[in-house]
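Work through the exercises below with the sequence and the structure open. Try each task before reading its solution.

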Amino acid sequence: MGAPASRVVIVGAGPAGATLALLLCRAGIGVTLVESNSGQRRCFRGEALMPSGLAALEQMALLPQLKALPHRPLAGWRFVVNGRELFTAAEPLGGDPQRPCTLVSQPAFLDVVLRQALATNHLELLAPTTAKQLIWQAGRISGVVLGDGRRLAADAVVACDGRSSRLRQEAGISLSTGSSPIDVLWFDLDGPDPGTRPGPCPLQGHFTTLVGHQGVFSLFESANGGIQLGWVLDATQPTPQRSPQEWIASFASQCPPDLANWLNQSAAGLQGPTRLSVQVGLAESWWKPGFLLLGDAAHPMGPVRAQGINMALRDAWVASQHLIPVFQTVKQSLNPPQNQLLQDSALAAIEQARRSEIQTLQTLQAQEAQRGEQLRHNALLRCALAVSAPWVGGALGHHWSQLQKPLREGLATLLPAP
Ligand SMILES: Cc1cc2nc3c(=O)[nH]c(=O)nc-3n(C[C@H](O)[C@H](O)[C@H](O)COP(=O)(O)OP(=O)(O)OC[C@H]3O[C@@H](n4cnc5c(N)ncnc54)[C@H](O)[C@@H]3O)c2cc1C
């Protein structure tokens, strides 16, 4: 009789869990994917794919599928101070013209990934089902207990259960968190009826950030055509109680005239705000015997330059390259503890391969967030920049574009394992 086939349990069907499940299933490894949400109720989720995330999708052979989904290449990044344009940096900021930052509907993308994984016949999808606890056996994690009490045995459990990861806590792994001084209020400008929109949007495909006396906010046209807006506020500040008209007036007061006019006619469609707390952190370790953390569960990312999905996809690709060789064929010449040792060394290698990129990018995000905070809190600096924009804007835009390279492209080259 042959050795029993390996089974990997993945908890969480976000970008990290869904793509890892697909990659393992394609290699013939049995995967049980546990997801607590039914359907794709993920309205406020990231959709900006940087060249770093697109490179991961290319390795996964998922780029062609992406093109068939609602998507929108970004035209550039525009910065406005006190109502005056500081600079606009056109995509792809000197990078590969074939690979600009692209907005893609996350629910539609996850749906395609899961359908492909199911088509391999190696995926068991349990949704909506919550993983509640880990099963420990002789110092090793050997499965999960579900919300309904069922016990799932596994050769490895991969926790992709997001930034508040319950399984990370269950495994006793702590998260070192940087202090985050901000929260974000999220608005949808189109409401339930995009027909209420007052004519073509003057954003023209630019992710636009505006800083002024009222505060800082960014807005962009999302993959499926809606307009989303994120308003930064101090984490300690209560959510301002304003009517839709008052919010629109706050936004418009620091916009150039064309955008202000357009916003002033958009109050009927405004939905929100939804308050989102920003959490940044890094798990002290990403693995324990039989257990691995990936994506936001291992490293919740800040919102600067949209890193979360991109890093989750890169984690999943690297993890697959280490897990496939050890789980595809349980080595019959080895006894179970020897096989487990091999598997655990693969888990350690994944953390080693990914940790430094995450640490560096979190530092760069923090530095950029700090520059934004200085501008938000310093009226004199804003005034000086707005006045001198026609002369200094070009140089500032060039400098800013140079700083973006690692945040856009990542640090490591993603290659298939030798
Ligand atoms: C408003 C907003 C905008 C964002 N914009 C961007 C962006 O433009 N670009 C970008 O790269 N990132 C963005 N992000 C961040 C990005 O969405 C996340 O970093 C990314 O989704 C992380 O992927 P993940 O797979 O690690 O975790 P998640 O996407 O959080 O997925 C975790 C999954 O686990 C499930 N789950 C949790 N606990 C359990 C449990 N106990 N049992 C079973 N299932 C469980 C959850 O339902 C969820 O589906 C944004 C985030 C927000 C909130």
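Residues are numbered from 1 along each chain as its sequence is written. The model is predicted, so local features need pLDDT of at least 70 and side-chain atom pairs count only at pLDDT 80 or more, while totals for chains, interfaces and linings use all residues.

**Exercise 1. Cis peptide bonds**

Task: Find where Pro92 and Pro128 lie, and state which residue each is joined to by a cis peptide bond.

Solution. Start from the general rule: most peptide bonds are trans. Helices (H or I, at least four residues) and strands (E, at least two) are DSSP runs, numbered from the N terminus. Pro92 sits in the loop that links strand E6 (84-90) with strand E7 (102-104). Its cis partner is Glu91, and omega of that bond is about 5°. Pro128 is in the loop between strand E8 (123-126) and strand E9 (131-137). The cis bond here comes from Ala127, with omega about 0°.

**Exercise 2. A hairpin**

Task: Describe how E9 and E10 are joined, and name the residue with a positive phi in their hairpin.

Solution. Strands pair if DSSP finds at least two bridges between them. E9 and strand E10 (residues 140-146) run antiparallel and are joined by six bridges. Ala131 is placed opposite Leu146 of E10. Two residues lie between the strands of this hairpin, and Ala138 has a positive phi near 50°.

**Exercise 3. Positive phi in a loop**

Task: Locate Arg305 and Ala306 and decide whether each is buried or exposed.

Solution. Most residues other than glycine have a negative phi. Phi of Arg305 is positive, near 50°, and that of Ala306 is positive as well, near 35°. Arg305 belongs to the loop between strand E21 (291-293) and helix H8 (308-328), and Ala306 lies in the loop between E21 and H8 too. Now apply the cut-offs: a residue is buried with 20 or more other C-beta atoms within 10 Å of its own, exposed with 12 or fewer, and partly exposed in between, the C-beta atoms being placed from the backbone. Arg305 is buried because it has 22 C-beta neighbours inside 10 Å. Ala306 is buried because 21 other C-beta atoms lie within 10 Å.

**Exercise 4. One side of a helix**

Task: List the buried residues of helix H7 and say what they pack against.

Solution. In H7 (residues 257-264), Leu259, Trp262 and Leu263 are buried. They cover an arc (taken from the directions from the helix axis to the C-beta atoms) of only 100°, so they are on the same side of H7. An α-helix has 3.6 residues a turn, so residues three or four places apart point the same way. The buried residues of H7 pack against helix H6 (244-252), where contact means C-beta atoms, placed from the backbone, within 7 Å.

Notes
Two residues are in contact if their C-beta atoms, placed from the backbone, lie within 7 Å.
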